[in-house]
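Here's a quick briefing to read alongside the model. Have the 3D view open and follow along topic by topic.

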Amino acid sequence: MRKAVLAAILTLTSLTLPATAQASAAPAEVVVNARAALATVSDTAIGTNHAIWDSQLGSDQTADLLKAAGVKLLRYPGGSYSDIYHWADHTAPGGYVAPDTDFDTFMRGVRRTGAQPMVTANYGTGTPEEAAAWVRHANVTKGYGVKLWEIGNENYGNGHYGAAWEADNHADKSPAEYARHVVAYADAMKAVDPTIKIGAVLTTPANWPDGIVGAGDAGTWNQVVLSTAGAKIDFVILHWYPGALDKAGQIPDLVQLTREQIARHAGPGSERIGIAMTEFNTGSSSAGTTTQPGALAAADAYASLLANGVFTVDWWNVHNGIGPVTEVAGHTDYGDFGLLSSAGCSGDVCEPAFNTPFAPYYALQMVGRFARAGDQFVRASSTGPAAHAVRRKDGSVAVMLVNASSEPASVTIDYSGFEPASGAPTVLSHTNGATSITEGTAGSATAQTLPPLSLTTLVVRPAAVPSGLPGAPGQPVVSAVTDGAATLTWPAAAPGARPIAKYEVYRQNGAISEQYGETTGASLRVTNLRPGTRYTFNVLARDTGGGQSWGSAPVTFTTATPESGSCTVKLTNQTDWGSGYVGALEITNTGAAMNGWTLVFSWPRAWQSLGSGWSAVWTQTGSEVKAVNEPSAGSLATGATVTVGYVGNYSGPNVLPSVFTLNGRVCTTR
């Protein structure tokens, strides 16, 4: 993003904070399941963006503040400026370049911060040769070892879909042209340094222009880019400004849909392709960007993204500038998307002294202290404050609790697969208006009272630390998926002090682990699955003494529908506009002739609904949708086909329905 056009780029909905409930006499229940493994925290997890219009980009004070926040990745040269910036002469025609912001100065700040750099090569007004020369300067001439390189920034905003904020001098502004250049950039840049990683820009699920097929295109932006450039890239780039403080629940679907697109379109070996969220901000100045509610939403989103395997989440921005000034949660909110104050003024209101940390700074700091590189996220659930948990290599468990209520919250914490030590745990806390994170001991591992509008992390020691346990099994892969079964295969675990006796396979059902089977080998056929259902499994090793390993990384897949039956349904997303779509359902009766038919499906997510329908009588009750034949068209002979249509609305990742029943029987979905 560019500072000057930030307000124009984002269409921010005026939102208020969720209504706060009084702290209940009955404590909220938190469950932490140490067996239900999620992603391992990368060494680039906590990131932020620098920009060449920020004169303090390379200052020691800024670098030291970012280091204290636990920032491990710094992105350069700054959002949309990336597509007008020429590194060799340090110019950005049409934009402002501040003094002392050149690449070498940036790298000095990176090293002082103790972070890794991510560089965005100029696609909009640059060339593959210019990008390759930058790689040569960085990694051959200077020896900086810059590994992560993006090709362009938000290039779908070049006018191809209507809105135009991103510079693009190419006559052809289609995703196909961008993808062809990604291939050329990757070839030229890797010819200089084969060890670098190349990232390509994607649209974020349920965010404009995701789902839209432009004029003359063979598919959506993501489909075209992945199909053409998938073999050449190492990671994909998402940006997310949700515009509200309660969107973290959408993150598992957002990431999973991205993974499914990669697997579907990027070709063989696509599992190697990582996901980077190189710009993130809550995106809502009305609900709090510099105050505590925004910080709570930031911490919740960062933890959710990292738990789902995103390898870096990069805040926009270090310094950004004052925006609309409001009063939020008892404090002045400056509408500033920066982590640190720019000391700007709006009318009679001025921000605090330059480089004063805003509340989201402490959110990043808390997430970095809660989830450190090498820690493994595990499942946590809560009936109240948002909860996240990680296992640490020393055997302890850290639990981060986000109380978004303006009242205190009491919680009880139950652990599965982990026995906490007695005594008070270490407690890290950040409260509304605080200018630091406090650390002490309080409460117990199983009961805490959380201050209003607070971030709290408990570090809980185990009752005992067993030694000589087996290593975790490798990443499982899935094959031979049917409507009721799938085969899981995994690399064997390394034995500890005793031989490995067996592997146990668990389904993650929320924060509950359901054991589906065990085997002495490294493969298991899991059965009794439901058609068209998304499942997540992980595997643990157990040795001859009963010792249990950490969980493997999870594998997620969706079962098929029956290969044959009395009906088939084909759903086509005919037209999509980012918040709704036209769905066509082609229904074929492969069983006995029908005199009257009813098709039933359910919306997978609460943010989906029926807008309208045609060629049938449509109704929705709760999440269930029914299409009943029109009175004049009830006959459906064996082998006959009828096509009906509907408008589906959505306000989050659009998980399409996959299970349809016709007169009560499950159909084959084609």
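Predicted model: local features only at pLDDT ≥ 70, side-chain atom pairs only at ≥ 80, totals over all residues.

Residues are numbered from 1 along each chain as its sequence is written, and side-chain values use heavy atoms, with hydrogens and water left out.

**How H8 and H9 meet**

- Two packed helices are described by the angle between their axes and the distance between the axes.
- Here, the axes of H8 (residues 292-307) and H9 (residues 359-370) cross at roughly 35° and come within 8 Å. Axes are lines fitted to C-alpha atoms, for helices over the stretch in contact, and angles run from 0 to 180 degrees between N-to-C directions.
- On the H8 side, the residues that meet H9 include Gln 292, Ala 295, Ala 298, Ala 299 and Tyr 302. Their contacts in H9 include Ala 359, Pro 360, Ala 363 and Leu 364, where contact means heavy atoms within 4.5 Å.
- What kinds of residues make up the contact of H8 with H9: nonpolar, polar or charged? They divide into 12 nonpolar, 1 polar and no charged. Ala, Val, Leu, Ile, Met, Phe, Trp, Tyr, Cys and Pro count as nonpolar, Asp, Glu, Lys and Arg as charged, and the others, Gly among them, as polar.

**Each helix by itself**

- Helices are DSSP runs (H or I, at least four residues), strands are too (E, at least two), and the numbering starts from the N terminus.
- H8 is mostly covered, with 16 of its 16 residues buried. Buried means under 20% relative accessible area, exposed over 50%, and partly exposed in between (1.4 Å probe, protein chains only).
- The 16 residues of H8 should span 22 Å at 1.5 Å a residue, and its end C-alpha atoms are 22 Å apart, which agrees. The expected span is 1.5 Å times one less than the number of residues.
- Just after H8 comes Gly 309, with a positive phi of about 95°.
- In H9, 10 of the 12 residues are buried, so this helix is largely enclosed by the rest of the structure. Among them are Tyr 361, Tyr 362 and Met 366.

**The barrel**

- 8 strands close into a barrel with parallel pairing, in the order S2-S3-S4-S5-S6-S7-S8-S9. Two strands pair if DSSP finds at least two bridges between them.
- Neighbouring strands of this sheet are turned by 25° against each other on average, direction ignored.
- Helix H5 (residues 175-192) packs on the sheet and touches S4, S5 and S6, with its direction at about 165° to that of S6.
- S6 (residues 197-201) and S7 (residues 235-240) pair over 3 bridges in the parallel sense. Find Gly 199, and you'll see it opposite Phe 235 in S7.

**The open sheet**

- Another sheet is open and has 3 strands, ordered S22-S23-S26 with antiparallel pairing.
- S22 and S26 stand at the edges with a single partner strand each, so one side of each has no neighbour in the sheet.
- Val 477 has Thr 489 in S23 as its bridge partner.

**A glycine to look up**

- Gly 613 lies in strand S33 (residues 608-614) and is partly exposed, with a relative accessible area of 31%.
- Leaving aside neighbours within four places in sequence, Gly 613 is in contact with Trp 618, Gly 645 and Tyr 646.
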